[in-house]
Amino acid sequence: MNKKEMITNAAIRLFAQNSFGATRTADIAKEAAVAEGTIFRHFDTKRNLLTHIIDQTLERYYSIISAAISQSGGAEQAVANIIRSHVT
């Protein structure tokens, strides 16, 4: 796993545990085992880090939904595929 991924994963855990506002970049750096400056090399601000996480999440959901739709024979099947992808 590269440093950017380590930072991202640490931020996800800490944002979920403590909230975005209560999480300091120093906390993220410690959790990711990187220097705090490394965070700012990859993300200009903590908000940009959050935006990156949201973008990644939306891209994953889009991929899941696109696959579900392309593998379906109609709207009902597409919805069933999307639901199935979230529970499996």
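1. Thr38 is buried, its relative accessible area being 5%, where buried stands for under 20% relative accessible area, exposed for over 50% and partly exposed for what lies in between (1.4 Å probe, protein chains only). Thr38 belongs to helix H3, residues 36-42, helices here being DSSP runs (H or I, at least four residues) numbered from the N terminus. Once neighbours within four places in sequence are left aside, Thr38 is in contact (heavy atoms within 4.5 Å) with Lys3 and Ile7.

2. On the basis of the note: this is a predicted model, in which local features need pLDDT of at least 70 and side-chain atom pairs count only at pLDDT 80 or more, while totals for chains, interfaces and linings use all residues. Residues are numbered from 1 along each chain as its sequence is written, and side-chain values use heavy atoms, with hydrogens and water left out.

3. Thr25, found in helix H2, is likewise a buried threonine, with a relative accessible area of 12%. Leaving aside neighbours within four places in sequence, Thr25 is in contact with Glu36, Ile39, Phe40 and Lys46; of these, Lys46 is listed among the buried residues of H4.

4. Helix H4 has 25 residues and reaches 36 Å from its first C-alpha to its last, close to the 36 Å expected at 1.5 Å a residue, the expected span being 1.5 Å times one less than the number of residues. Lys46, Leu49, His52, Ile53 and Ala68 are buried in H4, and the buried residues of this helix pack against helix H1 (3-18), helix H2 (25-32) and H5.

5. A nonpolar patch on the surface is formed by Ile54, Leu58, Tyr61, Ile65 and Ile69, which together have about 450 Å² of accessible area, as given by the Shrake-Rupley method with a 1.4 Å probe, where for residues only the protein chains shown count as cover. Such patches are made of residues with over 30% relative accessible area and no salt bridge, nonpolar side chains (Val, Leu, Ile, Met, Phe, Trp, Tyr) being joined within 5 Å and like charges within 9 Å. Ile69, which lies in helix H4, is partly exposed, with a relative accessible area of 49%.

6. Helix H5 (residues 75-87) should span 18 Å for its 13 residues at 1.5 Å a residue, and its end C-alpha atoms are 19 Å apart, which agrees. Ala78, Asn81 and Ile82 are buried in H5. Viewed down the axis of H5, the buried residues fall within an arc of 100 degrees, so they line one face of the helix; the arc is that of the directions from the helix axis to the C-beta atoms. The face turned away from this buried side carries the exposed residues Glu76, Ile83 and Val87, and what covers the buried residues of H5 includes helix H4 (46-70).

7. The structure holds 2 salt bridges, a salt bridge being a side-chain nitrogen of Lys or Arg within 4 Å of a carboxyl oxygen of Asp or Glu. In one of them the side chains of Arg13 and Glu31 meet at 3.0 Å, N to O; this pair links distant parts of the chain, with Arg13 in helix H1 and Glu31 in helix H2, 18 residues apart. Arg13 is partly exposed at 42% relative accessibility, and Glu31 is partly exposed at 38%.

8. Arg24 forms a salt bridge with Asp27, the closest N and O atoms being 2.8 Å apart. Arg24 counts as exposed at 53% relative accessibility, whereas Asp27, at 24%, counts as partly exposed.

How values were computed
Helix = DSSP H or I, 4+ residues; strand = E, 2+ residues; numbered from the N terminus.
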